[in-house]
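Colleague: I would like to go through this model with you. Please put it up.

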Amino acid sequence: MKEELIIAGFGGQGVLSMGKILAYSGIMQGQEVTWMPSYGPEMRGGTANVTVILSDNKISSPILSKYDTAIILNQQSMDKFENLVKPGGLLIYDPNGITRHPERKDINICSIEAAEESARMGNLKAFNMIVLGAFLQKKPVVSMESVVKGLKKSLPERHHHLIPMNEEAIKVGMDKLVDINVL
Amino acid sequence: MAEKILMKGNEAIAYGAIRCGADGYFGYPITPQSEVMETLMEEKPWETTGMVVLQAESETSSINMVYGGACTGKKVMTSSSSLGISLMAEGLSYLAGAELPCVIVNVMRGGPGLGTIQPSQADYFQAVKGGGHGDYKMIVLAPASAQDMYDFVGLGFDLAFKYRTPAMILSDGVIGQMMEKVELGEQKPRRTDAEIAEQCPWAVVGKPADRKRNVITSLALESPVQEAHNIKLQAKYKEIEEKEVLYSTYRTEDAEHLFVAYGSIARICETAVDIARENGYKVGLLRPITLYPYPTKQIQELLPQLKSVMAVEMSAGQMVEDVRLAVEGKVPVNFHGRMGGMIPSPDEIYEAFVKSINK
C-alpha cells in the first residue's frame, strides 16, 4: 500500500492538523509516513497545504509532482492541484466557496459539504474531521481504530474529551460524501 | 521497542540534544529552524537533565556562548539558518582554531542575503570550504530524515570531542519542517565534572596545584608557532578524511549512471532512480552523509562501471565541484540544480538526467 495525497485549503481550516492526524494514524498501524507542509508566506495568511505519504515500505521522496488523492478546500487550491491528480486518482472537495468545479473526466471526483455539515453539528471545528471521514470512506488506508489512537497522540490530553465528537464528525463525512464523477 | 513519535526534523534536533546528554544550547530564532529552541523551551531540560537552554540576543552572541561553554569541556551547541550562520562565521573560525568541540546546526534557506525562508542547499561552500577565515575544516554531517536529525546530534558531539573540532549538521528546510516518525533512544546522563576533567584534560575547569594551567586560544603571534599549530590541524584533518567518511548507496550494483546528492535531495533522487530504472536506465545514487570528509574514494571506486555522473543540488552547483574533483574528468559530470527555495521533483530530476545523457 502506498497513498500519496495533498490536502489544500485556507489557513485555519485544519488542513495541517488533518494531515497530522492521518500521519499519526498510519504510524499506529505500522506504516511509514511523511508529512511535508507549506511553511512559507502561505501559513502567514492565505492558502495552506500539506503533502502526506502513507506507505508499507520506506518512503524515498517526500516531494511529489503528482498525487493519488487531492483534498481541495478552496478555489485557489482547485486551480493549482486539480491537474496534479494522477489519472485514475481521486479528488475530494467542499463545494462551499468553489466557483469553478472540477472538470476532469479521467479521475474520480467526490464532494463533501463539510462546512455545512459542521455548522449543522454546531461545531465548525469538526470541519476537517468531516473531510477526513469522506476521504476514509473512499480510501480506507487507515482504520477507525488507528484514527482514534492517532487523535490521542496528536491532541494534547486536555482535549481528549473531544475525541468522541471527532469520531462522530468522521462518520458524518463517511455518510454525506457525494459521487460527482465515477470511473 | 522504543516508541516511535511523529515529529519535525527540527524537533528531533531538540530531542537529540537532550537525550545525548548535551549541557547547553544557545540560539536565536530564525525560520525554518525556530522549532529547535521552541521544543527545547517546551521540554524544559534544565528541570530534568540540567541542560541549559538560553535565547541569546543575536547569532554572534550564541556562537560566542558556545565558545565559552566548549572551553570548559561541556557539550554545547547552537542552531540557525543560512544568514544566521554567516553572522557566526568569525566564531566558527575561532572554535576551529582553538580546537573546541561543539555542534552547530544549519537548517538552510535560500539566499543570498535575506533570501527566502524556503529550503536550499546553497551553504555547501560555507560549511565545507570555509565560511570563516583561515585554514580550517569542520566535520559536516548531512541528515536526510527526521531520524537522522535526532541521531546526528549525538554523533556530531562524539566526532567533535574525538577530534576536538566543531561539527556542523547541514540540513535544509525540507528536513527541518517535515514530520516523520522518530525513534528516541535512551536518555544518556550528562557528564559529571570529574568525567569532563578526565576525558578533556585540555578543558578549563579550574587548575589543580599539580599541573600547568590550560590555555585555550587561537592566537599565536609568532609565525613558527602558528605554522606548527596549522600543521597539527592539517594532520588532524587528514586523519578525519581517512577514518570518518560516511555515505550510503542506492541501486549502484549494476549502475551505469550515478546520481550524487545529499540531504533532502538524496531522498528525492532515490525516487528519480526508481523512475529511471522503470524506463530502462541503469541509474544508482551515492549519498554523501559526511560532506566533510567527502566520499571521494567511494565515488572513484564506482567509476569503472559508469558512463556519466549527475550531481543534483538545491544550489547553482556547489557540491558538484567535489564530484568533479573525484571523477577527474574520467566520465562526464552533469549537474541539475534549483535555487531560491524551489525544490526539484523526482520527475524533473529524471527528465534532467535523460537530457544530460542525450545532449
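Colleague: Leaving aside neighbours within four places in sequence, which residues is Arg287(B) in contact with?

Modeller: This is a predicted model: local features need pLDDT of at least 70, side-chain atom pairs count only at pLDDT 80 or more, and totals for chains, interfaces and linings use all residues. Residues are numbered from 1 along each chain as its sequence is written, chains are lettered from A and ligands numbered from 1 in the order written, and side-chain values use heavy atoms, without hydrogens and water. Contact means heavy atoms within 4.5 Å. On that basis Arg287(B) touches, among others, Ala142(B), Asp148(B), Phe152(B), Tyr247(B) and Tyr262(B).

Colleague: Is Arg287(B) buried or exposed?

Modeller: The cut-offs are under 20% relative accessible area for buried and over 50% for exposed, with partly exposed in between (1.4 Å probe, protein chains only). Arg287(B) has 12% relative accessibility, so it counts as buried.

Colleague: Which side chain makes a polar contact with the side chain of Arg287(B)?

Modeller: A polar contact is a pair of N or O atoms within 3.5 Å; within protein, one must be able to donate a hydrogen and the other to accept it, and residues adjacent in sequence count only if both atoms are side-chain atoms. At 3.0 Å, the partner side chain is that of Asp148(B).

Colleague: Which backbone oxygen lies 2.9 Å from a polar atom of the Arg287(B) side chain?

Modeller: Here the side chain of Arg287(B) meets a backbone atom. The oxygen belongs to Ala142(B).

Colleague: How far apart in space are Arg287(B) and Thr249(B)?

Modeller: In sequence they are 38 residues apart. C-alpha to C-alpha, the distance is 6.1 Å.
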